[in-house]
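Me: I have a structure here and want to go through it with you. Can we start with how the chains meet, then move on to the metal?
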Amino acid sequence: MSTPPTLTINVEFGGGLELLFANQRKYQLSIPVLIPPDTTATPPSGSAPPPILSKPADITFLIRYLKENHLKERPELFVEGETVRPGILVLVNDTDWELEGEGDYALKEGDEIVFISTLHGG
Amino acid sequence: MSESCGNPNFESEALMSRRPKYDKTKICVRCKLAMGSVVIRHVVYCKPCFGPMVATKFRRTLEPHINVTPDAGPRRKALKAPGSLLLGFSGGLGSVVLLDLVNRSYFPPSNSTGDASSEQTKSGNGIGLRDEKAERRGGKDHPRNLRVWDKGSVCYVEICGAFPGMRDRTEEMRDLVNSNFPQLEFISARLEDAFDDAWWNAVGGKLVDGAFRVDVSSEELHLSAMSGEATPADRLQKYISLLPTQTAIPSAIQDLTRLILLHTALYRNASHLLLGTSLTSLSVSLISSISQGGGFNVREEAQEEWIPPDSRSRPSQIPIRIIRPLRDVGLKECAMWAWWNGLHIPGREKHPGGKQGVGALTYNFITGLERDFPSTVSAIARTCAKLEPKQVSESHCILCQRPAQPGIQDWKERISIRSFIDSSIIPPPHVSRDGIFAKEKSDSGDLPSPGLTPLLCYACHTTLTSRSPRGTARNADMASPLPSWVNSRLSDSIATTRKMGEGAMRDSIRDFLLEEDP
Ligand SMILES: [Zn+2]
Ligand SMILES: [Zn+2]
């Protein structure tokens, strides 16, 4: 009967990406703490049968969530497969997501996630 | 990584997908203390070390080319440029970062001798240029603290005139430059200026009576006299509309922009034209340039010197160095620099067809490569920098004014069905007494037909004609206008030829060039 627990994170777009998101640079989002396990991922090798919500929400989930809920146009400029399109940088609390496990980074309450496009070129 | 002697292919594939983007540790490679904030080609930097790292790459590329005589080894002399500075500005990420770096490094506000102090006030969490330790070593009288260029200007070339309905962003760019970089003067130009006598006159070009048009349906690019009045924008649109492929459009825009910037630089007595081409963009343009026949000039894509064609009459003329100071700085570094310093990136306007060309495809390829295998992109640029044409060129293309590969005509004659012409001696067109008629003179019998082809580099010839001429219906509409600098030099050639007093030659000029005369 209770609603699933959620966590609040802040998302910001830079480098022109906000144009794809209704020209709104900052979003405060409430997302589920746990999400269904990725169907494409290897099932956990533990003994317990996987519950319906078993995996912490990660950035891969956030990318999908943004695409499904807030992306207004030209999704090919934001996503490619399960991740962001090449040329888009992701910062987790001001740190390159490549240092934080990229899409596998498990989101925490109050996280600041920034997506920056480099596609405007030089 | 693995010490086992398993199947190397299998091993590397297995490692490839899960390999972290950084080497070994998350600690900054520079200070070896702080936790890293960004990974650049597998190397980890903390935020305070990232700024000086980018600034160092920028200076290392630019500063050896500032003084007239380049310094070898550690610099002792003060930096002093022989002329003013012009920055090419597109509104794109690289060019905004270039303006910011140039502004902070060489045009600090007058109440400050250096930029280190103004750094912090600009943005609370911004990143600086300087490594504090290096700064102390350099000292207060370090040559960096003297003004290297007396004057700096920013030139934005608006391309909307080529595409009806496209947004004009000149005022947006002017506001951005004036409000963020007040030490730099904003200059606006338009792509159609290339076809505008008034602009040509304003930048000190030699006005000629009568312009030429070129029949782009012929491989020889036959020339004839231009007739009728057309606005510069009409001429530009005609020029663009007659290009044979989508790929040719961005190439043509780039070449026209480059020459507009160069002539602006010349008029402004600039010794340096800086472009905001990043490592990523440089790799894209290198690959796409080679694929479009620009292999001979692959080194000029990275760095070049332009000696204005008129320089013989003005011996004191200094060549203009075209430098891309961000050519070791990737787009990721540019984006992080811009983000951490709160720079606004207006972005380059996409033009119709831009997405379909070879350039755009190469761009997608390179950005994908850069994400998954970050070191390969700098390897492309480094490899191309080592490429050197076997032959030295003494002539310059009349259109893009880059070195033209000798013997192009030989090759073109071999692949087309023509009688053999000994054209082993193609003189440099702009110093030649014979100019455009060099080839035709040796062709006995038929009337010579003046064409632009012998005066073009391979890449420009390809840009204008890569569609098979046999597949194209010839009609009057295939005659394209030419930029002012081409007209000017063609007129020189023809005036010279006229003076030679050869009856037959004069007749041929009349037939082909003065057909509009009563
Ligand atoms: Zn550090
Ligand atoms: Zn050329």
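Reply: Fine. This is a predicted model. In it, 25 residues of chain A are in contact with 34 residues of chain B.

Me: What area is buried between chain A and chain B?
Reply: About 2400 Å², with carbon and sulfur atoms giving 53% of that area.

Me: And how many salt bridges between chain A and chain B?
Reply: The count is four. One salt bridge joins the side chains of K332(B) and E98(A), at 3.2 Å from N to O.

Me: How many residue pairs are in polar contact between the two chains?
Reply: Nine, counting pairs with both residues at pLDDT 80 or more.

Me: Which elements of chain A give two or more residues to the side that touches chain B?
Reply: Those are β1 (6-14), β6 (83-84), β7 (88-92), β8 (95-96) and β9 (112-117) of chain A.

Me: How do the residues on that side of chain A divide into nonpolar, polar and charged?
Reply: There are eight nonpolar, seven polar and 10 charged residues on the side of chain A that touches chain B.

Me: Now the metal. Which residues are the protein donors of the zinc ion (ligand 1)?
Reply: C28(B), C31(B), C46(B) and C49(B), each through SG, lying 2.2 to 2.4 Å from the zinc ion.

Me: How are those donor residues spaced in sequence?
Reply: The spacing is C-x2-C-x14-C-x2-C.

Me: What geometry does the site of the zinc ion have?
Reply: The site is tetrahedral, with angles of 99 to 118 degrees among the four donor atoms. For reference, the ideal angle for four tetrahedral donors is 109.5 degrees.

Definitions and conventions: Residues numbered from 1 in each chain as written. Chains lettered and ligands numbered in written order. Predicted model: local features only at pLDDT ≥ 70, side-chain atom pairs only at ≥ 80, totals over all residues. Heavy atoms only, no water. Contact = heavy atoms within 4.5 Å. Buried area = accessible area lost by both parts, 1.4 Å probe. Polar contact = N/O pair within 3.5 Å; in protein donor to acceptor, adjacent residues only side chain to side chain. Helix = DSSP H or I, 4+ residues; strand = E, 2+ residues; numbered from the N terminus. Nonpolar A, V, L, I, M, F, W, Y, C, P; charged D, E, K, R; others polar. Donors = N, O, S within 2.8 Å, 3.2 Å for Na, K, Ca; no water. Tetrahedral: all angles 85-135°; square planar, octahedral: opposite > 155°, others 65-115°.
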